[in-house]
Amino acid sequence: MIMKPTRNRVYCPSCLRSKMLFESEEKANNFIRFNSAEIMELNGKAPTRSYYCRFCGGWHITSISSEQKGQEMDQLDQDRFEKLTNGQAKATSAELKARSREIQKFYNKGISALSLCRFEQAELCFSNALILNPIHSEQIEHAQKICQRIQEQLACSMDYENTKRELLEFNASVSVLTQSDKESFERFIIEIIDNYCILQKLYSILDNAEVAIENKEYEQAKMCVEECSSLVQDQGEVKLKLKGLVNERIQCIQSAILKHDEAHIAAKKERRAAKQKQKKTAELMRIISLLESAEKTISQNQDSAKILLSTASERVRRLPPSEEKDILTQNIERIMQTYGL
Ligand SMILES: [Zn+2]
């Protein structure tokens with residue numbers, strides 16, 4: 001039966017990761033004896049050796065079988081322990097763990113900043129981690145070097161493939177890291193460069209959008225915003241974080257577009273209202289002129305005056321309710337009464 005990997009797990013301040021912890025050497029060795037075959041089948045590698053961890057005060061297991069490598073690591077462990085306690089033999093395990101966690105926090109923050117190409121922030125985090133304590137410094141120093149090298153490379157060339165290749169070569173050439181750390185750094189380097197490439201694309205589209213807004217080319221700006229969205233859409237969590245970096249700029253552009261759209265709609269409304277007012281005034285003038293003609297002709301030709309009046313009253317009837325409509329209606333009635341029509 002394979003012991004569930006979540007059982008017995010502790011955060012090991014020496015490895016800076018979670019590991020299985022056994023209270024005795026015998027229990028660790030028993031675990032190896034009964035589970036390594038199945039773990040091998042599952043993972044392609046299996047624990048072969050147990051060792052005492054002075055940080056955790058118990059036994060861990062490892063797949064590194066070489067005794068020599070094991071001794072080297074034990075030595076490294078001891079060095080770290082001494083560095084971390086600064087010779088204070090009485091530093092408690094809780095203190096050590098708290099400190100290690102602090103370092104781990106800075107390191108993780110640095111890694112996360114680095115993946116988003118926030119190089120300055122990443123460097124600050126890594127140096128904070130190193131200042132706190134030089135334990136496990138190979139990993140942190142390596143991340144810091146990658147951060148610096150990426151910036152150097154990108155400063156002199158925007159050839160992403162070349163930058164990627166050089167960094168991967170550098171990563172492969174470092175001997176202090178374990179194979180699995182090297183491999184995860186390898187994936188990480190590829191991710192950083194890919195993200196950098198996407199970010200540069202996003203920035204250049206946003207530059208275009210901002211120029212378009214300045215030139216009042218709002219349709220162009222809209223197209224740029226859509227291009228940005230489709231670039232980051234459906235690309236997973238990391239790309240969402242990238243979107244977070246450009247969100248503020250996108251929102252500024254969108255609000256400029258919205259403002260323009262609103263102003264545009266308001267202007268259109270105003271134009272329509274002015275046109276309607278013009279139309280209404282023209283109709284009133286026409287009705288007034290009909291009434292004037294009717295009054296002029298009424299003494300000579302009552303029939304034609306009647307036609308003019310009925311045309312005028314029909315047009316008044318069709319007017320929407322208004323003060324002018326009432327006055328015109330009264331005028332028509334007055335003329336009819338005056339001439340007994
Ligand atoms: Zn440990």
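Me: Is Q276 buried or exposed?
Reply: Q276 is exposed, with 10 other C-beta atoms within 10 Å. A residue counts as buried if 20 or more other C-beta atoms lie within 10 Å of its own, as exposed if 12 or fewer do, and as partly exposed in between, with C-beta atoms placed from the backbone. Please note that this is a predicted model, in which local features need pLDDT of at least 70, side-chain atom pairs count only at pLDDT 80 or more, and totals for chains, interfaces and linings use all residues. Residues are numbered from 1 along each chain as its sequence is written.

Me: Where is Q276 placed?
Reply: Q276 is in helix α9, residues 236-297. Helices here are DSSP runs (H or I, at least four residues), numbered from the N terminus.

Me: What separates Q276 from F81?
Reply: Their C-alpha atoms are separated by 87 Å, and the two residues are 195 residues apart along the chain.

Me: And L258, where is that found?
Reply: L258 is also found in helix α9. L258 counts as exposed, with 11 C-beta neighbours inside 10 Å. From C-alpha to C-alpha, L258 and K222 are 9.9 Å apart in space, and 36 residues apart in sequence.

Me: Changing topic: which residues touch the most other members of the largest nonpolar core?
Reply: They are F126, A129, A143, I146, C147, I189 and I192, out of 20 residues in that core. The elements giving two or more residues to this core are α3 (93-115), α4 (119-132), α5 (137-156) and α7 (179-214). A nonpolar core is a set of buried Ala, Val, Leu, Ile, Met, Phe, Trp, Tyr and Cys residues joined through C-beta atoms within 7 Å. Another core, of 11 residues, lies apart from it and includes I287, A294, L309 and L328.

Me: What is I192 in contact with, leaving aside neighbours within four places in sequence?
Reply: I192 is in contact with L114, S115, C117 and I150. Contact requires the C-beta atoms, placed from the backbone, to lie within 7 Å.

Me: Where is K216, and what is its phi?
Reply: K216 is in the loop between α7 and α8 (218-232). Its phi is positive, about 60 degrees, although K216 is not a glycine. K216 counts as exposed, with 10 C-beta neighbours inside 10 Å.

Me: At what angle do α5 and α7 pack?
Reply: The angle is about 25 degrees, with the axes 12 Å apart. Axes are lines fitted to C-alpha atoms, for helices over the stretch in contact, and angles run from 0 to 180 degrees between N-to-C directions. That makes α5 roughly parallel to α7, a word used for angles under 35 degrees. The contact is made by Q139, H142, I146 and I150 of α5 and D181, F185, I189 and I192 of α7.

Me: And at what angle do α6 and α7 pack?
Reply: Helix α6 (residues 160-173) and α7 pack at about 160 degrees, with their axes 10 Å apart. That makes α6 roughly antiparallel to α7, the term for angles over 145 degrees.

How values were computed:
Contact = placed C-beta atoms within 7 Å. Parallel < 35°, antiparallel > 145°, perpendicular 65-115°, else oblique.
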